[in-house]
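Here is a short briefing on one protein chain. Please look over the structure first, then read the points by topic.

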Amino acid sequence: MSPLGGGMEINVKKEKNCRLGKVGGQAVLEGVMMKSGDNVALAVRKEDGTIALKNSTFVSARKKNKFLNFPLIRGCVNMVEMMRLSFSTLNDSTQMLGLDDMEPESKFDKWLQRKFGDKLMNIVMSIGMVLGVILSVGLFMILPNLATMWLNDAAVSAGGPLPSFVQNLISGLLRILIFIVYLLLVSRMKDIKRTFAYHGAEHKSVACYEAGLELTPENAATCTRFHPRCGTSFIFVILIISILVTSFINWNTWPRWAIIGTKLLMLPVIVGIGFEFLMLAGKHPNPVTRALSAPGLWMQRITTKEPDAAQLEVAITALKNAMPEEFGGEAPTGKNRGEDSQSDAVSHEGGVPADSSSADGEAPTGKNRGEDSQSDAVSHEGESPADSPNENPADTESASNHDPA
């Protein structure tokens, strides 16, 4: 770590935490995905108690095109890329759990496989992304605006239209209300509850790493499960920013199609601003950023649950394998995951024995991989890739992109 200041000020100013923003992740079915730079590691707890591990790479387009890394633009690029990575990761976790083999293939499934071959999964992910975007736009953009217009029509019939700023505020508050109700409803589902616990494990392991503690389930359990660079916070920040950014719209003079159309066109700007804010809040914690991040952190009380020791072990396994240059292990090589998430050249799967825990819930006490990279439980021999600085702050979670985790 290097001090923020130099000379005589070195004893006054705090050192910058170089670990902030280096790794981010996502909760999946019975597991956690972690991403650091170009490295992606997915760890999943199988039914037999072992941890299946898959290492791969994902190179952002922002590294290939400097224009895509400009402020505001990079936020939109990151959202699209994280949606792709999230869908791919969810599919991988399903395969690693063996859920896709539980039902026999139908004739239609076999026809699709013959027709599209290896391109089938990319087509399915693309369709899923489009449907997800359409559902999100309809639920969080069009529905609140139409409801606000209906309320204004009722006000006109009762004596006069609502002020434009009031209509804009009502529309924004309705979006927030829909978001909260949606989270509360899905959080009651059994499978989602477990995913939210893995979401908490992901946050705790990242917090443990950023605090400079030894990466063990015991240490991670003492860390916070709330993180400012979270997909839940990202969505909530976007909902709030949208109220401010679209405040110039005159609801009483503009045609209804123009109001909704303008809000849709402003969405990339809103996403870009929200991304920049979350990166700022995640890398520069201070009273101001903490206060502005508070609403998003409150929402994480719904989308994260306290994990057990076994779930923390899975998250730590993923984190360590996403950072082979720091913790050792096999370095992923080969194709970009975004191009071919199923490529054998960029991944390996293997069973990792689960640490046994006592009946009273005592956490497993495995060694830190940084201390013992040859641990049979989590290590894989191999060379690490050339170390390059993590220039982009895009290692944020995308739970927002496909699920609230």
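Ser171, leaving aside neighbours within four places in sequence, is in contact with Pro144, Asn145, Thr148, Trp251 and Lys263. The model is predicted. The chain has 405 residues, and 48% of them are buried. Its secondary structure comes to 14 helices and 5 strands.

**Whole chain**

- The accessible surface comes to about 20000 Å². Carbon and sulfur atoms hold 61% of that surface.
- Among contacts with a separation of 6 or more, 73% join residues 24 or more positions apart.

**Around Ser171**

- Ser171 sits in helix H5, residues 164-186.
- Ser171 counts as buried because its relative accessibility is 0%, and the cut-off for buried is under 20%.
- The C-alpha atoms of Ser171 and Ile243 are 8.0 Å apart. Along the chain, Ser171 and Ile243 are separated by 72 residues.

- E3 and E4 run antiparallel and are joined by 7 bridges.
- Within this pairing, Ala43 stands opposite Leu53 in E4.
- The hairpin of E3 and E4 has 5 residues between the strands. Gly49 in this hairpin takes a positive phi near 95°.
- E4 is mostly covered, with 7 of its 7 residues buried.
- Ile51, Leu53, Asn55 and Thr57 point one way from E4. Ala52, Lys54 and Ser56 point the other way. Residues on both sides are buried.

**Salt bridges**

- The structure holds 9 salt bridges.
- Lys63 lies in helix H1 (residues 61-64), and Asp38 lies in the loop between strand E2 (31-36) and strand E3 (39-45), so the pair ties together parts 25 residues apart in sequence.
- Lys63 is partly exposed, at 37% relative accessibility. Asp38 is also partly exposed, at 24%.
- Lys54 and Asp92 meet through their side chains in a salt bridge, 3.5 Å from N to O. This pair links distant parts of the chain: Lys54 is in strand E4 (residues 51-57) and Asp92 is in helix H2 (residues 73-97), 38 residues apart.
- Arg225 and Glu306 form a salt bridge, with the closest N and O atoms 3.2 Å apart. Arg225 lies in the loop between helix H7 (217-221) and helix H8 (231-245), while Glu306 lies in the loop between helix H11 (287-303) and helix H12 (309-322), so the pair ties together parts 81 residues apart in sequence.
- Arg225 is buried, with a relative accessible area of 15%.
- A network of salt bridges links Lys204, Arg225 and Glu306.

**Aromatic pairs**

- The count comes to 5 aromatic pairs. One of them joins Phe67 and Phe70 in an edge-to-face arrangement. Their centres are 5.9 Å apart, with 80° between the planes.
- The Phe67 and Phe70 pair counts as edge-to-face because the angle between its planes is 80°, and the cut-off for that class is over 60 degrees.
- Phe70 is partly exposed, with a relative accessible area of 45%.
- Phe140, Phe179 and Phe236 are linked into a cluster by ring pairs.

**Nonpolar surface patch**

- Which residues form a nonpolar patch on the surface? They are Ile127, Val130, Leu131 and Ile134. Together these residues have about 390 Å² of accessible area.
- Val130 is placed in helix H4, residues 120-158.
- Val130 is partly exposed, because its relative accessible area is 48% and exposed would need over 50%.

How values were computed. Residues numbered from 1 in each chain as written. Predicted model: local features only at pLDDT ≥ 70, side-chain atom pairs only at ≥ 80, totals over all residues. Heavy atoms only, no water. Helix = DSSP H or I, 4+ residues; strand = E, 2+ residues; numbered from the N terminus. Buried < 20%, exposed > 50% of the residue type's maximum accessible area, 1.4 Å probe, protein only. Contact = heavy atoms within 4.5 Å. Patch = residues over 30% accessible without salt bridge, like charges linked within 9 Å, V, L, I, M, F, W, Y side chains within 5 Å. Areas by Shrake-Rupley, 256 points an atom, 1.4 Å probe, with all protein chains shown as cover. Salt bridge = Lys/Arg side-chain N within 4 Å of Asp/Glu carboxyl O. Phe/Tyr/Trp six-rings, centres within 6.5 Å; stacked < 30°, edge-to-face > 60°. Pairing = 2+ DSSP bridges.
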